[in-house]
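Try each task before you read its solution.

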Amino acid sequence: MHIRRSFDTRILVAVLPLLGFGASSSFAEEYPSQKAELEVTKIAGGLDHPWAVEVLPDGAYIVTERPGRLRIIRDGKVGEPISGLPKVYAEGQGGLLDVALAPDFSRSRKLYFTASIPGPGGQGTALFSATLSQNEDRLENLAKIFQMNRFTETDVHFGSRIAIAADGSLFFGIGERGEMDRAQDPRDHAGSILHIEPDGSIPQDNPFARSETAAHEIWSIGHRNPQGTVIDPADGKLFVVEHGARGGDEINAVTAGKNYGWPVIAYGKHYSGAEIGIGQAAEGYEQPIYYWDPSIAPGAIDVYHGRMFPEWEGNFLVAALKYQLLARIERDDSGTPAHEERLFEGEFGRLRDVKVAPDGAVLLVTDEDDGTLLRVSRAGAP
């Protein structure tokens with residue numbers, strides 16, 4: 001298994017300081033990259049810890065805010081909160097998290113979202129479906145289609161991004177809720193990648209669909225806190241980016257029924273400096289395809305396919321919180337990560353989400369009190 005340890009591989013020339021970056025201002029600045037000249041445009045500001053962004057069919061944006069609000073941004077204007085959301089647990093790392101549009105959204109107006117919610121025993125992660133009203137002011141037909149099976153009082157490691165497969169089924173991750181041994185219990189949804197149908201039922205190809213000793217929704221176990229989940233449409237492979245402890249953030253190529261090691265094996269140490277588990281590798285546990293030491297605190301992952309940056313074709317794009325950067329990771333002919341370029345380090349704040357837009361531009365949201373939606377395009381492109 002090829003493992004690449006990545007330190008600061010940034011190859012960027014100095015950039016001009018940003019001016020006029022207030023909530024009501026706009027800007028477009030150019031940034032050099034190893035592969036292309038980039039332009040970053042602020043689409044909107046004044047968001048309260050935005051967590052996820054999707055592009056609506058007409059080119060507007062729908063954005064979640066972690067305190068529990070869903071908004072639409074059109075023509076640079078941030079709309080009023082959309083009504084009809086459930087009560088969320090918006091403390092610590094919890095709140096309203098990811099949003100994903102159903103493949104037939106333009107007809108059905110159906111979407112999915114994840115959130116931490118209160119319940120018996122504390123709080124935990126849930127996944128909902130709903131339809132967006134025609135006038136875009138409310139959610140209708142709200143349904144909770146999944147809820148993790150054990151709530152606790154901790155307020156960390158909720159996950160949770162959504163990836164929609166070609167057949168319409170849903171993959172999403174849940175962290176081990178700060179209780180690391182839960183990630184090795186196949187009966188516990190914590191520390192797992194889950195797979196369900198759009199109505200919440202169990203896909204028949206799930207590895208534990210007929211098990212008497214494992215939760216039927218589980219696709220894989222041994223995950224610490226997966227906050228990025230993507231299916232590469234080129235080959236249908238599922239990739240997850242997840243937080244390690246002190247060192248050991250990982251990209252995993254996730255397959256059914258496998259165990260990704262946490263906390264038995266890990267690259268990194270506990271925050272106290274103590275060793276984790278039994279080492280970095282052991283029989284029966286999968287290795288990451290890429291990891292970071294020191295950690296970058298990844299927020300999301302996407303795979304680049306688009307017209308705007310053909311030289312980025314197939315690259316991983318990873319948003320990072322700790323170093324406030326976008327990691328662009330090239331892959332070799334076998335799909336193995338081969339080189340990392342670090343973009344925008346420290347320029348915009350904590351980058352929580354990254355999404356390739358239909359036109360090939362790259363969207364970012366910053367997890368800040370005055371959060372922003374940014375668009376990365378080729379310099380000089382419309």
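**Exercise 1.** Does Arg-328 count as buried or exposed? Then trace its salt bridges.

*Solution.* This is a predicted model. Start with accessibility. The cut-off for buried is under 20% relative accessible area. Arg-328 has 0%, so Arg-328 counts as buried. Next, find the partners. Arg-328 forms a salt bridge with Glu-330, with the closest N and O atoms 3.0 Å apart. Arg-328 also meets Glu-341 in a salt bridge, at 2.8 Å from N to O.

**Exercise 2.** Which parts of the chain does the pair Lys-35 and Glu-330 tie together?

*Solution.* Check the bridge: the two side chains, Lys-35 and Glu-330, meet at 4.0 Å, N to O. Now place the ends. Lys-35 sits in the loop between β2 (28-32) and β3 (37-47), and Glu-330 in strand β22 (residues 325-331), so the pair ties together parts 295 residues apart in sequence. Lys-35 is partly exposed at 39%; Glu-330 is buried at 19%.

**Exercise 3.** What does the side chain of Arg-177 reach?

*Solution.* Locate Arg-177 in the loop between β13 (170-174) and β14 (192-196). Look for a salt bridge: Arg-177 is buried yet has none. The nearest side chain of opposite charge, Glu-179, is 6.1 Å away. A salt bridge needs the atoms within 4 Å. Turn to the backbone: the Arg-177 side chain reaches the backbone oxygen of Gln-123 at 2.8 Å.

Key:
Residues are numbered from 1 along each chain as its sequence is written. This is a predicted model: local features need pLDDT of at least 70, side-chain atom pairs count only at pLDDT 80 or more; totals for chains, interfaces and linings use all residues. Side-chain values use heavy atoms; hydrogens and water are left out. Helices (H or I, at least four residues) and strands (E, at least two) are DSSP runs, numbered from the N terminus. Buried means under 20% relative accessible area, exposed over 50%, partly exposed in between (1.4 Å probe, protein chains only). Lys and Arg count as positive and Asp and Glu as negative; His and the chain ends are not counted. A polar contact is a pair of N or O atoms within 3.5 Å; within protein, one must be able to donate a hydrogen and the other to accept it, and residues adjacent in sequence count only if both atoms are side-chain atoms.
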